[in-house]
Amino acid sequence: MRALLVSFALTALLAGVPAHATDAPADAYCYIGWPNDGQVLSSGKPFRVWFGLRHMGVAPKGVAIANTGHHHLLIDTDLPPAGQPIPNDRNHLHYGAGETETMIELPPGKHTLQLLMGDENHVPHTPPVTSKKITITVK
């Protein structure tokens, strides 16, 4: 019983501690290869988004290898807080299997897309490895 209480106490204590960010090369960056900034896309059908990465490698979630991470696609949102795991919701899509492209469908209107690399625990690197935020229009 005592061990169980100690375990609960440690879990509660660690829950408030921010995750440790993994270091990234200072010159690393990612980019959206397609669609292009300002692109107009047809509504009602999925479109392909492909991801690029320079000066780092891609590794799946849970794999801790120096200078690697996996992509997260941010849709219509800003970068999440540093040192915290990237949320997993409709605005923060995770590609933890190491994917370098995806198919998505968005409703009509203007949308922003941005890539953010996360480490094996979905925490952004230090410094953050991001793409330029692009704007697309779905009509």
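Beyond its neighbours within four places in sequence, Val49 is in contact (heavy atoms within 4.5 Å) with Ile32, Trp34, Pro35, Leu73, Glu101, Thr102, Ile104 and Leu113. The model is predicted, so local features need pLDDT of at least 70 and side-chain atom pairs count only at pLDDT 80 or more, while totals for chains, interfaces and linings use all residues. Residues are numbered from 1 along each chain as its sequence is written, and side-chain values use heavy atoms, with hydrogens and water left out.

Three strands form an open sheet in the order E1-E3-E7, with antiparallel pairing. Strands are DSSP runs (E, at least two residues), numbered from the N terminus. Two of them pair if DSSP finds at least two bridges between them. Strand E1 (29-34) and strand E7 (101-104) are the edges, and each pairs on one side only. The twist from one strand to the next averages 30°. The axes behind such angles are lines fitted to C-alpha atoms, and angles run from 0 to 180 degrees between N-to-C directions.

Five bridges join E1 to E3. Here Cys30 stands opposite Leu53. Four bridges join strand E3 (residues 47-54) to E7. In E7, Glu101 is the bridge partner of Trp50, and Thr102 stands opposite Val49.

Val49 also belongs to the largest nonpolar core, which has 22 residues. Such a core is a set of buried Ala, Val, Leu, Ile, Met, Phe, Trp, Tyr and Cys residues joined through side-chain atoms within 4.5 Å. Buried means under 20% relative accessible area (1.4 Å probe, protein chains only). Val49, Leu73, Ile104, Leu106, Leu113 and Val129 touch the most other members. Two or more residues each come from E1, E3, strand E5 (68-75), strand E8 (109-118) and strand E9 (134-138). E3 gives the largest share, four residues.

How values were computed:
Buried < 20%, exposed > 50% of the residue type's maximum accessible area, 1.4 Å probe, protein only.
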